[in-house]
Amino acid sequence: MAVEHIVAQGAEHLVVHGLEWTSKELFTYPNEFIYWSIQIVMYPYMTGLVAGAFVLSSLYHVFGQQDLKTIARFSLVFSLALLPVAMMPLQFHLQQPLRGMNVMFTPHFTSAIAAFGIVFSTYAVIVLSEIWFVYRTFFVDQVQILKGKQGAVDRFKYYLYMLLSLGAFDLSDKAIALDKKAVKILAGIGIPVACFLHGYAGFIFGSVKANALWMSPLMPVIFIMSAVVSGIALCMLTYILIMEFKKWSAIIAKGKGDESVLVIAGAELDVITKTSRYLLGFLVAAISLELLDLIFRGYTAMKSWDILRSVMYGKDFINIFVLQYTLGNLVPFIMLLIPGVTIRRTFFALILVLFGVFMMRWNVVIGGQAFSLSFAGYMHYHMPIIPHNMETYKEGLFGALTVLATPFALLWIINKVTPALEHK
Amino acid sequence: MNCSRRDFIKNTFKTTLASALPLSAFKMLSPAEVKAYTGDSSIRWVFLVDTQKCVGCGLCVKACKHENEIPYAPPITRTWVERYVLMKNGQAHIESPYGGRDGYTDTKIRENEIPPEQIAKGFFVPKLCNQCKKPACVQVCPVGATYQTLDGVVLVDRKWCIGCGYCIMACPYGMRFFHPIHRVAEKCTFCYHRIKQGMKTACVQNCPFGARRIGNLKDPNDPVTKVIMTERVSVLKDEYGTKPQVYYIGLDTNVR
């Protein structure tokens, strides 16, 4: 295969982007490689989680879905933690990461990526201000509690909350009502912006006319639907984990003789079943659209269909039909529908849903590069596992894991300042 | 208003200095220089490939790699030559190892011996950037680092490209790649540095059989333009609507 041959010629000091993890079969053009690898899989996946988490919180704030009250506040804070992570994969992927800012300096608006900076910043401003309105009362309360307390930590917290309150200390009924109104408006604007942020991640792929698999006007809609699915799933999953952890640490503390600790209920099944209904709704929409796309391609059978069929039904069959549709969609769908749902069953179903959405991103990004532009050959992606240089770290397993772990680290920090979960 | 002559001169001096300093950060270009950067609108560079003259020697690929400083060992290349061997049973063998850099001297294709008596036809197809009229790569560049000159050539600004790879994905011809040293998008420029000086491109210069020619479509007396206007020529993959400007003589339906 081509790869070994090159290294044998003593070119190992040159990093030809893509050469290392691409193997070719039959006829491909000389410059074709898997240029968009794991980080570009992570990019729509992470943006999707951000958008989904925000939409979940907005369902409560805008449409007043009372059943989502508990999880709404949490998912709002989580979407803030996920926000910087949507940028990370792009930075990891750029060949010139230091020039990433150029997109803001000279945005070239015929490009689908050019508006990213603007849409993303708009969205960040909305999320931040919404959180501020939700937590303003809390900030002021903290300032009152911490006032006059001694000790370095308390002083620091006092000044931090002083700063966060932005000097708005008014806690009258009128002011609080105004806060709520602002939250509602922001959440209302936020939904289309979140959908736009992610739908247009779909547009980035859907508008590449050179790529037979990507080019489809359905792509943005499919991306939004699966984004909401993954966002809801991640919020539910993290909610279950945190609540169960709190429950068990309380039980252990009580067991150690600390009688002052109240045993709390853990994750509430009621919250979970109600949220999972929304999850199922979006899941059905996502699958229907994806199947429509597939059927349409098969039926119209354009020039590219021969090679697409050989990729979808042949080389990527396991990835698409077994891992994505069966294990990632059908199995959790049935698990959530069978009566007598438990927290444990939901927990595993959610993991499968998240995996399913990840596989969908994988099959779009990597699957779209699995065949040559010549329609006469194939390319295979071998993800670098053990990194031996910066490139194989960034665009390999560990780069992806870094991106995956960051939102949880951020949530841990943010949660210290704005507690996302309360228990009675 | 009270303003003495001394104050007036003082303030004038200050204002001039204050406005001159920030302005000095900009580079002033003369109209001639601007024109040199953006190209000449009385020219439209086009390319003409006569596949019937190509013998697959690979000298064009070699010359291009040397001229444009593309690392020699890796398979990435600005131009390449494809070999098509079509069998009597309808099977097509296509290859372009290292872009055909070393010439096609072997009868094997991907380690397989091709029995000569079963061959229906065989030919070579040189490929290079089509310098499309509506280039998809320019459309998708998020920072405007790739652009089209007035004389029709698509170039990349190596100092501004962020290396996202969107242009590589957008090109239906697979022309673009990342330069391993500059680490930005790289492509065939019709040897812009040479044609601006009245020279031929490296590949045209080095083709011993005249299979590759470059010309100005806006000049009706240009021999290349005459061929394009009066003979039957075709382009590659016109279904993408990019309006490619590399014209071919003798293309086959099997050409990808």
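Predicted model: local features only at pLDDT ≥ 70, side-chain atom pairs only at ≥ 80, totals over all residues.
View 1. In total, 23 residues line the pocket. Tyr60(A), His61(A), Lys69(A), Arg73(A) and Val134(A) lie nearest its centre. Four helices of chain A, α2 (38–61), α3 (69–93), α5 and α7 (173–206), each give two or more residues to this lining. The space inside comes to about 790 Å³. Rolling a probe the size of a water molecule over the atoms shows where empty space is left.

**View 2. Helix α5 of chain A bends at Tyr135(A).** The helix covers residues 116–146. Its bend is about 55 degrees. Gly148(A) follows α5(A) and has a positive phi, near 80 degrees.

**View 3. Strands β1 and β2 of chain A pair in the antiparallel sense.** β1(A) covers residues 22–26, and five bridges join the pair. Ser23(A) stands opposite His380(A) in β2(A). β2(A), residues 377–381, is mostly covered, with four of its five residues buried.

**View 4. Glu69(B) has a positive phi although it is not a glycine.** The angle is about 55 degrees. Most residues other than glycine have a negative phi. Glu69(B) lies in the loop between α3 (59–67) and β2 (80–87) of chain B. Glu69(B) counts as exposed because its relative accessibility is 63%, and the cut-off for exposed is over 50%.

**View 5. Phe190(B) has a positive phi of about 55 degrees and is not a glycine.** Its loop runs between β10 (185–186) and α6 (192–195) of chain B. Is Phe190(B) buried or exposed? Its relative accessible area is 1%, so Phe190(B) is buried; the cut-off for buried is under 20%.

Conventions:
Residues numbered from 1 in each chain as written. Chains lettered and ligands numbered in written order. Heavy atoms only, no water. Buried < 20%, exposed > 50% of the residue type's maximum accessible area, 1.4 Å probe, protein only. Pairing = 2+ DSSP bridges. Bend = angle between axes of the 7 residues up to and from the residue. 1 Å grid on protein atoms, 1.4 Å probe; cavity = no way out; pocket = protein on both sides within 12 Å on 5 of 7 lines; lining within 4 Å. Points joined across faces, edges and corners; volume = space filled by probe spheres on them.
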